Amino acid sequence: MKMWLSQHWQALGQTLKQLARTPLSSLLSIFVIGIAFSLPLGIYTLIGNLQALSGHVANTPQLSLFLRMDATSSDIEQINARLEKFPNIASFKFVSKEIALQQLQHESGLADVVSSLIKNPLPDAFVIDIQPVSPNELESIQATMKKWSEVEHAQVDTDWARRLDAFIRLGQFSVLMLACLLGFALIIVVFNTIRLQILTKRDEIEVSKLIGATDSFIRRPFLYFGAIQGMAGAASAWLIIALGIQAINESLVELTQLYSIDFYIDHLSLLDSLSLLLFSAWLGWLGARLSVAQHLSLIEPE
């Protein structure tokens, strides 16, 4: 075990020395990978924040029941009793036509016009907070309540939820496609880099085989190189997104103050960040493994 660990530690040291000997080319390769990966990573981060925002806004979708103009107090009590037993309702409140008229008078800026009305044109209403449900379930609840004889109109807007869900699904599919394409590109980049290294070290590899070095011993530094390059590229992508999020959040401060809302963009979670690093390291290792498997067998000592 000690020998095995020593060999791996030696291979890792050789890889780090190789990176240090060519700092400019190594950094350029890492930043190219980072810039490429920052695109799907940025979209993924944006979608995650949109999902959180939509969940915050849509956790309690509202449904408004407008009663018939001739609805009596008995009708109101019947609807109140039905709502208390109705499933998927978080809370509800009754808004009388008098209170609705007062709110319209104070909040619409048309106090003179409202005060000149001979008759109150507004109906009694119930404002209902629905528990988290799908758009289809929300429409089903609306259709059920709309059939009640005391109800004139049941209003709920599910189109925005459907559009947001469709947009998020499209974004998730785009992230998946970009991640696959750029992952394949990372494998190609590492594949070619390792191929050039193998050709450069051909004489050294031949000597190593002459003195009895195994293929696993020879390919180990190349595998470490590919894994480190992939992980470093992912780390640079993470840093690019972090700086971008910080800049955006600073710009959002004034906007959130104007609208009196508390919203900022969250960065990747710890689990997502670790997954990114490990996945990129695996892609780099895979590219190096494929390259070594193809080219190392072609080199035999003469």
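This is a predicted model: local features need pLDDT of at least 70, side-chain atom pairs count only at pLDDT 80 or more; totals for chains, interfaces and linings use all residues.
## Notebook: strands, rings and helices

Residues are numbered from 1 along each chain as its sequence is written, and side-chain values use heavy atoms, with hydrogens and water left out.

**Entry on strand 3.** Strand 1 (residues 62-67) pairs with strand 3 in the antiparallel sense over five bridges. Strand 2 and strand 3 also run antiparallel, joined by six bridges, and here I saw lysine 93 standing opposite valine 127 in strand 3.

I then asked how many residues of strand 3 are buried. Six of the six are buried, so strand 3 is largely enclosed by the rest of the structure; buried means under 20% relative accessible area, exposed over 50%, and partly exposed in between (1.4 Å probe, protein chains only). In a regular strand the side chains alternate between the two faces of the sheet. I checked both faces of strand 3 and found them covered, with Ala125, Val127 and Asp129 buried on one side and Phe126, Ile128 and Ile130 buried on the other.

**Entry on aromatic rings.** I used the rule that rings of Phe, Tyr and Trp (its six-membered ring) pair if their centres lie within 6.5 Å, with planes under 30 degrees apart counted as stacked, over 60 as edge-to-face and the rest as tilted. By this rule there are four aromatic pairs. One of them joins phenylalanine 94 and phenylalanine 126, a tilted pair with 5.1 Å centre to centre and 55° between the planes. This pair links distant parts of the chain, since phenylalanine 94 is in strand 2 (residues 89-95) and phenylalanine 126 is in strand 3 (residues 125-130), 32 residues apart. Phenylalanine 94 is partly exposed at a relative accessible area of 33%, whereas phenylalanine 126 is buried at 0%.

I next took phenylalanine 279 and tryptophan 282, whose ring centres are 6.2 Å apart with planes at 25°, so the pair is stacked. Both residues lie in helix 10 (residues 270-295), three residues apart, about one turn of the helix. I also recorded that Phe92, Phe94 and Phe126 form one aromatic cluster.

**Entry on helices.** The buried residues of helix 6 are Pro135, Leu138, Ile141, Gln142 and Met145. They cover an arc of only 120° around the axis, which puts them on the same side of helix 6; the arc is that of the directions from the helix axis to the C-beta atoms.

Isoleucine 168 is found in helix 7 (residues 159-200) and is buried, with a relative accessible area of 6%. I noted that its C-alpha atom is separated by 6.3 Å from that of isoleucine 47, 121 residues apart along the chain.

How values were computed:
Helices (H or I, at least four residues) and strands (E, at least two) are DSSP runs, numbered from the N terminus. Two strands pair if DSSP finds at least two bridges between them.
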